[in-house]
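Dear colleague,

Please find below a structure that I am handing over to you, followed by an account of what was found in it. I would be grateful if you could read the two side by side.

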Amino acid sequence: MPIRPEMKARYPKDWRLRSRFVRLYRAKNRCEKCGAENGRPHPITGARVVLTTAHVFDQRPEAASLLNLAAWCQLCHNRHDASARQQGRRERLEAASGQLRLFA
């Protein structure tokens, strides 16, 4: 998942190294949840798999311990993050609508 620009400062300086270690070395280039192989067609969706690094237990970007990170395909990562992502969108929409009312 791409890191939103406003969140980038919250990630550790060595995030790219941690992410790469989890995806390529620890997970051996496979989703740690469903086993889909990076770069190959996904067994369920048929889309090319791109491994991502997910925060499993603690969603905060600062919680980047290797025990809290997992290499997941897009499908597994999206399923895991769906409710949190929906809540974030809702909060951003509410904040934006509040700002619009100020200028109306």
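**Aromatic pairs**

Trp15 is buried, as its relative accessible area is 11% (with a 1.4 Å probe and protein chains only, buried means under 20%, exposed over 50% and partly exposed in between). The model is a predicted one, in which local features need pLDDT of at least 70 and side-chain atom pairs count only at pLDDT 80 or more, while totals for chains, interfaces and linings use all residues. Residues are numbered from 1 along each chain as its sequence is written, and side-chain values use heavy atoms, with hydrogens and water left out.

There are 2 aromatic pairs in the structure (rings of Phe, Tyr and Trp, the last by its six-membered ring, with centres within 6.5 Å; planes under 30 degrees apart are stacked, over 60 edge-to-face and the rest tilted). Tyr11 and Trp15 form an edge-to-face pair, because their ring centres are 5.0 Å apart and their planes stand at 65°. The rings of Phe21 and Tyr25, with centres 6.3 Å apart and planes at 25°, are therefore stacked. Both Phe21 and Tyr25 belong to helix H1, 4 residues apart, or about one turn of the helix (helices are DSSP runs of H or I with at least four residues, strands are runs of E with at least two, and both are numbered from the N terminus). Phe21 is partly exposed at 37% relative accessible area, whereas Tyr25 is exposed at 54%.

**Surroundings of His55**

His55 is part of strand S1 and is buried, with a relative accessible area of 7%. Neighbours within four places in sequence aside, the contacts of His55 include Tyr11, Trp15, Arg60 and His80 (contact means heavy atoms within 4.5 Å).

**Second largest pocket**

Tyr11 and Trp15 are also among the residues that line the second largest pocket, together with Ile3, Lys8, Ala9, Pro12, Lys13 and Arg16. By class, this lining has 5 nonpolar, no polar and 3 charged residues. Two terms apply here: a pocket is an open set of points on a 1 Å grid over the protein atoms alone, where a 1.4 Å probe fits, with protein on both sides within 12 Å along at least five of seven lines, and lining residues have an atom within 4 Å of a point. Ala, Val, Leu, Ile, Met, Phe, Trp, Tyr, Cys and Pro count as nonpolar, Asp, Glu, Lys and Arg as charged, and the others, Gly among them, as polar.

**Loop residues**

Lys28 lies in the loop between helix H1 (15-26) and strand S1 (52-55), and its phi is positive, near 55°. Lys28 is exposed, at 63% relative accessibility.

Yours sincerely
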